[in-house]
Amino acid sequence: MTDRRTTRVASRKSPKQARAQQLVEAVLDAAVQVLMKEGAQRFTTARVAERAGVSVGSLYQYFPNKAAILFRLQSDEWRRTSALLRGILEDRATPPLARLRRLVYAFIQSECEEAAVRTALSDAAPLYRDAPEAVEAKGESAGIFRAFLAEALPSVDEAKRMLAGDLIKTTLREVGSNFSEKPREAEEIVAYSEAVADMLCAYLERLGKK
């Protein structure tokens, strides 16, 4: 049995030429399709290679095992989330609470659009979640939240800001996951997002007035 603590999840090398980049993109596209169709338990490099139309040997040039493929998919998702956070929370031309409202809507909308892939990746998380690369990847979004809350709550001590950040992230993650379990209409997403934003903004306003 593979020890998840020592499983290598980093890619072997980065594609330099256009043909190599196309191969990696084909592998990642195929991986999403296999993950959604077969689930995490039946996800294998052989199935991914077959779906991508490449040899297993070609796949192994860039990904040493299935955990590396799954981690790359998850890392790409984390990068998209970090870019979303940065684009909204670092917009200092917009008041902090308005930024938070924008973030809630954008996050929940994203959860609904990518629900199937996120669920499958969550099931596969034991393969890579303890790897150092995974810990490092998660740190970036935490830093963005800390900077935002330091600006939004300058008179609140750091411990309370950290608690607020944890509460916001946990709330978004849990409500987004639960809400996106079934298909949603645009109107439902808007109404749900506004209700969640009302709750979180009221919480920050209360903290700021203490």
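Trainee: Which helix is the place of leucine 89?
Mentor: Keep in mind that this is a predicted model: local features need pLDDT of at least 70, side-chain atom pairs count only at pLDDT 80 or more, and totals for chains, interfaces and linings use all residues. Numbering starts from 1 along each chain as its sequence is written, and side-chain values use heavy atoms, with hydrogens and water left out. Helices (H or I, at least four residues) and strands (E, at least two) are DSSP runs, numbered from the N terminus. With that naming, leucine 89 belongs to helix α4.

Trainee: And is leucine 89 buried or exposed?
Mentor: The cut-offs are under 20% relative accessible area for buried and over 50% for exposed, with partly exposed in between (1.4 Å probe, protein chains only). Leucine 89 has 2% relative accessibility, so it counts as buried.

Trainee: Which residues does leucine 89 touch, leaving out those up to four places away in sequence?
Mentor: A contact is a pair of heavy atoms within 4.5 Å. For leucine 89 that gives Arg99, Leu103, Ile144, Phe145 and Phe148.

Trainee: How far is leucine 89 from leucine 100, C-alpha to C-alpha?
Mentor: Along the chain, leucine 89 and leucine 100 are eleven residues apart.

Trainee: Stepping back, how many helices and strands does the protein have?
Mentor: Read from the N terminus on, the elements go α-α-α-α-α-α-α-α-α. The tally is nine helices and zero strands.

Trainee: How is α1 oriented relative to α4, and why?
Mentor: Axes are lines fitted to C-alpha atoms, for helices over the stretch in contact, and angles run from 0 to 180 degrees between N-to-C directions. Helix α1 (residues 18-38) and helix α4 (residues 66-89) cross at about 95°, with axes 10 Å apart. Angles under 35 degrees are roughly parallel, over 145 roughly antiparallel, 65 to 115 roughly perpendicular, and the rest oblique. So α1 relative to α4 is roughly perpendicular.

Trainee: By class, what is the make-up of the contact of α1 with α4?
Mentor: On the α1 side you have Val24, Val27, Leu28, Ala31, Val32 and Leu35, and on the α4 side Ile69, Leu70, Arg72, Leu73 and Asp76. Ala, Val, Leu, Ile, Met, Phe, Trp, Tyr, Cys and Pro count as nonpolar, Asp, Glu, Lys and Arg as charged, and the others, Gly among them, as polar. That contact comes out as nine nonpolar, no polar and two charged residues.

Trainee: Which α6 residues does α1 meet?
Mentor: α1 and helix α6 (residues 115-124) pack at about 80°, axes 9 Å apart, which makes the pair roughly perpendicular. By class, this contact has seven nonpolar, no polar and no charged residues. Val32, Leu35 and Met36 of α1 meet Ala116, Val117, Ala120 and Leu121.

Trainee: What covers the buried residues of α6?
Mentor: The buried ones in α6 are Ala115, Arg118, Ala120, Leu121 and Ala124. Their cover includes α1, α4 and α5 (96-113).

Trainee: Is glutamine 22 buried or exposed?
Mentor: Glutamine 22 lies in helix α1. Its relative accessibility is 52%, so glutamine 22 counts as exposed.
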